[in-house]
Structure formats: C-alpha cells, structure tokens
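Subject: Structure handover

Hello,

Here is the structure I promised to pass on.

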Amino acid sequence: MQLPFDSSSNCFPSPRPEIVDLSSYTAPLEGRRDLLRLDFNENTLGPSPLVIRALKDIHAEHIAIYPEYGGLREAFVKNLTSLGLSAPLSVDQVGLFNGVDAAIHAIFHAYGDKDTLLLTTSPTFGYYTPCARMQGMKISAIPYIGSDFSFPFDAIYSELVSKQPRLLFICNPNNPTGTRLSPQSIIHLAHAEPKTLVVVDELYEAFTGDSVMPLVDFEHTPNLLVLRSLSKTAGLAGLRIGFAIGDPRVVDMISRVTGPYDINSLAVTAAFAALSDQAYVETYVNKVFESREWIKAKLEASDLRFHLDGGNYFLIWPRREPLTVESALRSDGILVRNMLGKHLLEGALRVSIGTIDQMKKFWDSFSSIDAN
Ligand SMILES: Cc1ncc(COP(=O)(O)O)c(C=O)c1O
C-alpha cells in the first residue's frame with residue numbers, strides 16, 4: 001500500500017528525496033497456490049527431489065544458528081564449470097545474494113551515484129529502473145525495434161560510447177520480449193566502454209543457451225558482470241538465492257553493501273542439493289523445449305498475434321480485452337501475466353511455458369475464452 005507523504009510537514013522524519021517519489025515494487029504475487037502458475041516464469045513442477053529431501057532433513061540446530069556459507073561458492077563454480085567455461089573461475093569471482101533481485105539492488109547501491117546514467121532497454125525486467133531511481137540516477141531506456149522486438153544494438157552502442165553510462169543492464173534473453181543478443185555482441189559492448197559496468201542478467205539463459213560464460217575471460221573484460229539464479233530452472237524461487245559472477249574486485253564491491261546474513265540457512269541447504277542435481281534441471285529444461293514446440297505449432301496455426309523467442313515464456317495478444325481474458329483464465333485455475341502499462345506491449349499477455357500437459361490446459365481454456 002502506498003501512503004501519501006507530505007514533504008512540507010516538519011513533524012515527520014523525511015526520507016531521501018528520491019524515495020518520496022518512488023513507488024514500491026509490486027507484482028500480483030498473492031493467492032497463487034494450487035493454480036497453474038504461468039505468470040512468473042517459474043519452474044512449474046518444483047525443485048529436484050534432492051532439494052525436498054535435504055529440507056526435510058533439517059534439524060533444530062540448523063535453524064537456531066546463523067547461516068554458514070562454506071563450500072557454496074565452490075559448489076556453484078563446479079556446476080558452472082561442468083556446463084563449460086572459457087577460463088577457470090575462482091571462488092572470489094562469485095557473489096552470493098538473496099536472489100538476483102538482491103544482487104541487482106547491491107549493484108546499484110555500489111555503483112549508482114546520483115545523476116549518473118543507467119543505460120538499458122525497454123521494455124525489460126521491472127526492477128532495474130526503481131533501483132536506479134532509488135539512487136537518483138538518470139535513466140536511458142532504448143526501445144526494442146519493430147514487431148519482433150529486435151535488440152537496439154546500434155542505439156545502445158552509440159549511447160554507450162557517447163554518454164559513458166555508469167551502468168548498462170542487458171537482460172538476455174530479455175524478459176518479457178524474449179529478445180536474444182549474441183554473447184559476442186555483449187562482450188563487444190563491454191570492450192567498447194571499459195568504464196561502464198555491463199551487467200548481463202542471464203536468468204533465462206538455460207532455455208536458449210545464449211550465455212556469455214563459455215566465452216568471457218573476466219581478466220580481459222573486468223567490467224562485465226553476469227547474474228544467475230536458482231529461482232527459475234532449479235525451482236527455488238521461494239527460497240531466494242542468486243549469484244553474480246565477474247571480476248573479483250567488482251564482486252567484492254557489490255558484496256560490501258549486503259547484510260551479514262542476507263541468505264538464510266534453508267536457501268543454502270536447498271542450493272547445495274539443487275547444484276548437485278544438474279540432471280534434474282536439464283530434464284526440466286528439455287520438457288520446456290518440447291512444450292515450446294507444441295505451443296508454437298498451435299500459435300502458428302492460429303490467426304493470433306504472438307511473439308515467441310528466448311526464455312520460457314511467450315507473448316500473446318488476445319482478440320478480447322486482455323483483462324477479461326486474464327480473469328476468465330484465472331477462473332479456470334490458470335494464471336498469466338497481463339502486460340498492461342508495459343511499453344510496446346499493451347494488449348498482450350505473457351504466458352510462461354511449462355510441460356506439454358500444462359500448455360494443453362492453457363490452450364484449451366484460452367481458445368474457448370478467446371473464441372472468434
Ligand atoms: C530478468 C529477471 N531478473 C531477475 C529476476 C529476479 O530473480 P530472483 O528470483 O533470483 O530474485 C527475475 C524474476 O522474475 C527476472 O525475470
């Protein structure tokens with residue numbers, strides 16, 4: 001709830017001016033249990049059984065004492081290495097955060113001086129701009145191009161070299177347009193302006209394989225920082241754990257602005273189990289690939305406008321009023337995300353891709369609600 005604040009009143013403590021005008025980040029996250037969750041791009045089946053077993057085995061002392069993080073960075077590096085890296089990664093190149101949201105917040109806290117510039121794209125993940133506003137930064141958000149939302153590379157490049165922003169945020173693949181930028185292009189951007197910290201949010205890379213990790217050598221690209229999370233593919237969104245990977249000095253800077261125990265012990269236990277079961281993640285990702293093909297065929301055979309690119313989600317423009325369709329889907333037990341108010345995406349719904357059975361359920365319901 002947003003309460004009015006009268007800055008002229010002198011009998012009330014005043015927050016920083018940037019905070020007075022800020023709206024709190026809100027998303028429709030309540031009352032979602034037991035429904036088919038196609039609204040937040042989460043894993044729709046839940047985490048590996050190893051995670052559930054590890055959490056069930058937790059005993060009282062584990063909860064009573066402060067969290068311990070020993071070995072977690074090593075486990076993450078081992079997991080990343082097994083997926084292929086261009087150069088060996090050391091543990092001081094990995095920062096641990098209470099979800100990638102907290103990593104994003106820390107990056108702005110550490111690098112976002114008042115009146116410096118955030119360069120990013122539009123529309124993109126909704127947490128970058130409030131973080132920039134909190135710091136009193138200026139924002140330049142370059143629109144994706146055309147009906148297929150291609151990446152505005154030339155405009156980003158020219159702003160990057162002419163304005164030397166403090167931060168460049170690239171969500172790859174982009175949420176919500178699915179736009180993909182090649183890892184080579186991202187590294188090229190980072191080399192073009194070494195004073196800009198280029199942050200690549202790779203939350204959905206497992207679904208498209210566009211990661212910079214197999215290519216980047218942070219020794220030669222110290223201004224590139226990569227964000228990864230166990231929220232989506234590994235199914236730990238409720239426990240909150242994310243990683244930032246980059247040059248040890250950058251990782252150190254952003255780790256300085258976190259609290260001492262921001263990640264809780266249950267998240268740590270779950271993360272160890274999830275990282276040890278990469279096969280589970282791969283099986284889930286393959287299921288999403290299969291159902292992606294299934295829903296793509298249905299969409300192509302329809303006369304609806306849709307956009308399906310990277311990530312485990314797609315956009316669809318219903319014939320009927322999107323709010324009506326969204327609420328009728330909810331009555332059928334299916335949640336999707338309305339893009340109301342999102343630049344370039346008015347009239348669209350974003351639908352997460354789960355298993356084939358889940359997509360069938362969505363398609364049956366959507367087709368009868370949105371019939372000609
Ligand atoms: C692009 C992107 N980045 C970051 C986040 C936040 O991730 P986490 O759950 O790790 O905080 C999300 C969540 O939806 C996202 O879509």
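Start with helices α12 and α13, which cross in a right-handed way. (A crossing is right-handed if the near helix is turned clockwise from the far one by less than a right angle, left-handed if anticlockwise. Helices are DSSP runs of H or I with at least four residues, strands are runs of E with at least two, and both are numbered from the N terminus.)

Two notes on the source. This is a predicted model: local features need pLDDT of at least 70, side-chain atom pairs count only at pLDDT 80 or more, and totals for chains, interfaces and linings use all residues. Residues are numbered from 1 along each chain as its sequence is written.

Helix packing

α12 covers residues 322-331, and its axis lies 10 Å from that of α13 at an angle of about 130 degrees. (Axes are lines fitted to C-alpha atoms, for helices over the stretch in contact; angles run from 0 to 180 degrees between N-to-C directions.) The two helices are therefore oblique to each other. (Under 35 degrees counts as roughly parallel, over 145 as roughly antiparallel, 65 to 115 as roughly perpendicular, and the rest as oblique.) Val-325, Ala-328 and Leu-329 of α12 meet Ser-365, Phe-366 and Ile-369 of α13. (Contact means C-beta atoms, placed from the backbone, within 7 Å.) By class, this contact has five nonpolar, one polar and no charged residues. (Ala, Val, Leu, Ile, Met, Phe, Trp, Tyr, Cys and Pro count as nonpolar; Asp, Glu, Lys and Arg as charged; the others, Gly among them, as polar.)

α13 (residues 356-369) also packs with α11: their axes come within 8 Å and cross at roughly 25 degrees. That makes α11 roughly parallel to α13. The crossing is right-handed. From α11 come Glu-290, Ser-291, Trp-294, Ile-295 and Lys-298; from α13 come Ile-356, Met-359 and Trp-363. The tally here is five nonpolar, one polar and two charged residues.

The next pair is α4 (residues 72-83) and α10 (residues 265-275), with axes that come within 10 Å and cross at roughly 25 degrees. They are therefore roughly parallel to each other. This crossing is left-handed. α4 brings Leu-72, Ala-75, Phe-76 and Asn-79, while α10 brings Val-268, Ala-271, Phe-272 and Leu-275. Seven of these residues are nonpolar, one is polar and none is charged.

Domains

The domain assignment, automatic or from a database, gives domain 1 (17-46 + 279-369) and domain 2 (49-277). Their centres, taken over C-alpha atoms, are 23 Å apart. At the interface, 30 residues of domain 1 are in contact with 30 residues of domain 2. On the domain 1 side, α1 (17-20), α11 (278-301) and β10 (313-317) each supply at least two residues. α11 gives the most, with six. That side has 17 nonpolar, eight polar and five charged residues.

Ligand

The ligand is surrounded by 13 residues, and the closest are Gly-99, Val-100, Asp-101, Ser-229 and Ser-231. (A residue is near the ligand if its C-beta atom, placed from the backbone, lies within 6 Å of it.) The shell has five nonpolar, six polar and two charged residues.

Backbone

Ser-122 and Pro-123 are joined by a cis peptide bond, with omega about 0 degrees. Pro-123 sits in the loop between β3 (117-122) and α6 (128-134). Asn-175 and Pro-176 are also joined by a cis peptide bond, with omega about 20 degrees. Asn-41 is not a glycine, yet has a positive phi of about 55 degrees.

Best wishes

Conventions. Two residues are in contact if their C-beta atoms, placed from the backbone, lie within 7 Å.
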